[in-house]
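Please keep the sequence and the structure at hand while reading.

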Amino acid sequence: MTGYYDDLETRSADQRAADLARDLPALIGHALEKAPAMAEHLAGVNPSDIRDRAALAKLPVLRKSELAAKQAERPPFGGFAAVTPTGIRHVFQSPGPIYEPGGDARDWWRGGRQLHAAGIGQGDLVQNCFSYHLTPAGMMFESAARAVGASVLPAGTGQTELQARAMADCGVTAYTGTPDYLKVILDKAAEMGLDVSSVKKACVGGGALFPSLRQEYADRGIACLQGYGTADLGSIAYESPGPDGEIEGMIVDEGVLVEIVRPGTGDPVPEGEVGEVLVTTFNRDYPLIRFATGDMSAVLAGVSPCGRTNLRIKGWMGRADQTTKIKGMFVRPEQVAELAKRHPQIAKLRVIATREGEADAMTVKVETAEGEGFAAKVAESVAAVLKLKGRVELVPPGSLPNDGKVIEDARSYD
């Protein structure tokens with residue numbers, strides 16, 4: 001693999017800002033006109049006012065629960081798609097169930113960019129082990145391989161002996177699928193006495209690529225990189241090695257805009273702070289705006305050593321849905337956010353559920369420079385917002401962990 005996928009990857013900051021000022025109003029105007037549920041969600045928004053990240057951050061967050069509710073009222077896409085089921089190539093079903101459209105335009109899910117970064121392209125035969133059944137992952141990577149000129153063995157999931165045999169017989173050079181399934185195939189091939197040394201590249205997703213597993217693949221002569229995407233949004237971010245093979249986080253795809261926000265809110269967090277991933281996709285068929293993935297990540301400072309200039313994130317860092325039941329009552333991140341809004345003196349707070357004897361206990365740790373008298377005021381708000389009583393503990397600013405958690409369940413379930 002040489003060069004970049006296209007010129008978008010190396011734009012200057014000024015060029016990116018100018019392009020965003022052009023593309024954001026056009027996207028929002030299109031969504032208001034063509035996607036009735038999005039028009040309802042963004043009622044009163046003037047597209048020409050949304051020209052940068054700061055303006056975008058004032059728009060409401062779209063959560064998957066709202067997507068599911070609208071799909072139940074207006075199947076299959078809930079009015080969020082700008083196409084009808086008969087005006088699109090595929091209709092997919094993900095757990096929930098949630099339905100997603102799938103188009104046949106070139107690189108519709110934008111996965112080609114991450115395959116290119118992984119060195120996959122013309123002359124490669126990709127064994128695609130993502131599922132082709134109901135969910136879109138198989139077709140996402142099929143489309144990506146087509147975009148970079150690679151051939152595909154549409155293997156899907158399961159039937160490991162047949163997978164190993166096909167890998168050896170066909171001289172497969174690259175793998176796409178979940179991180180651990182490649183090892184299953186390689187081990188099965190070794191057990192069967194098959195030569196699968198032709199596999200030199202892998203692009204994985206749908207689960208964590210642990211460092212030890214990446215190293216095992218490297219020891220077998222396979223360069224394994226990972227991408228991050230969802231069925232609703234397609235590719236969101238991907239790894240790209242620098243000149244010396246170093247990998248620093250994930251580069252955001254050029255077809256989306258990513259924000260990292262405080263869980264339960266739509267408020268962007270400072271660079272480096274862990275928060276929930278929101279994505280705005282410029283897919284004209286399915287223009288989701290400020291869609292909450294439920295995943296956690298953080299923005300990395302600087303530019304990738306590979307030369308691509310887009311925003312970088314640390315990758316998947318857990319789930320943002322921290323809803324926890326305490327004393328029989330659900331405590332949600334949105335409620336914790338409401339507590340913070342009531343007291344501007346709060347830098348950060350964290351609700352911690354524990355056990356005292358055989359009963360639930362709740363402590364609210366509050367980062368603030370205020371004195372002890374402030375704790376009583378926060379306690380009143382805790383009772384009003386959470387409908388629960390608990391201890392309020394004031395802690396110095398910067399003392400709470402930077403892990404994106406606003407609710408911690410510290411109870412033992414063993």
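In which hand, left or right, does H10 pass H11 in their crossing? H10 passes H11 in a right-handed crossing. The model is predicted.

## Packing of H10 and H11

Helix H10 spans residues 333-342 and helix H11 spans residues 373-386; their axes come within 10 Å and cross at roughly 145°. On the H10 side the contact is made by Gln335, Glu338, Leu339 and Arg342. H11 contributes Ser381, Val382, Ala384, Val385 and Leu386. By class, this contact has 5 nonpolar, 2 polar and 2 charged residues.

## Packing of H8 and H9

The axes of helix H8 (residues 181-192) and helix H9 (residues 211-219) cross at roughly 40° and come within 11 Å. H8 passes H9 in a left-handed crossing.

Leu182, Lys183 and Leu186 of H8 make the contact with Leu213, Glu216 and Tyr217 of H9. These residues divide into 4 nonpolar and 2 charged, with no polar ones.

## Nonpolar cores

The largest nonpolar core has 61 residues, of which Met38, Val258, Leu288 and Ile289 touch the most other members. Helix H6 (residues 137-148) gives the most to this core, with 7 residues.

Leaving aside neighbours within four places in sequence, Met38 is in contact with Ala31, Leu32, Leu62, Gly79, Phe80, Pro287, Leu288 and Ile289. A second, separate core has 22 residues, including Val351, Ala375, Val382 and Val392. Val382 is also one of the H11 residues in the contact with H10.

## Backbone geometry in loops

The peptide bond from Pro75 to Pro76 is cis, with omega near -5°. Pro76 lies in the loop between helix H4 (64-73) and strand S1 (90-94).

Gln159 is not a glycine, yet has a positive phi of about 55°. Gln159 is placed in the loop between strand S4 (151-153) and helix H7 (160-170). Its relative accessibility is 60%, so Gln159 counts as exposed. Lys387, also not a glycine, has a positive phi of about 60°. The loop that holds Lys387 runs between H11 and strand S19 (391-395). Lys387 counts as exposed because its relative accessibility is 56%, where the cut-off for exposed is over 50%.

Technical notes
Residues are numbered from 1 along each chain as its sequence is written. This is a predicted model: local features need pLDDT of at least 70, side-chain atom pairs count only at pLDDT 80 or more; totals for chains, interfaces and linings use all residues. Side-chain values use heavy atoms; hydrogens and water are left out. Axes are lines fitted to C-alpha atoms, for helices over the stretch in contact, and angles run from 0 to 180 degrees between N-to-C directions. Helices (H or I, at least four residues) and strands (E, at least two) are DSSP runs, numbered from the N terminus. A crossing is left-handed if the near helix is turned anticlockwise from the far one by less than a right angle, and right-handed if clockwise. Contact means heavy atoms within 4.5 Å. Ala, Val, Leu, Ile, Met, Phe, Trp, Tyr, Cys and Pro count as nonpolar, Asp, Glu, Lys and Arg as charged, and the others, Gly among them, as polar. A nonpolar core is a set of buried Ala, Val, Leu, Ile, Met, Phe, Trp, Tyr and Cys residues joined through side-chain atoms within 4.5 Å. Buried means under 20% relative accessible area, exposed over 50%, partly exposed in between (1.4 Å probe, protein chains only).
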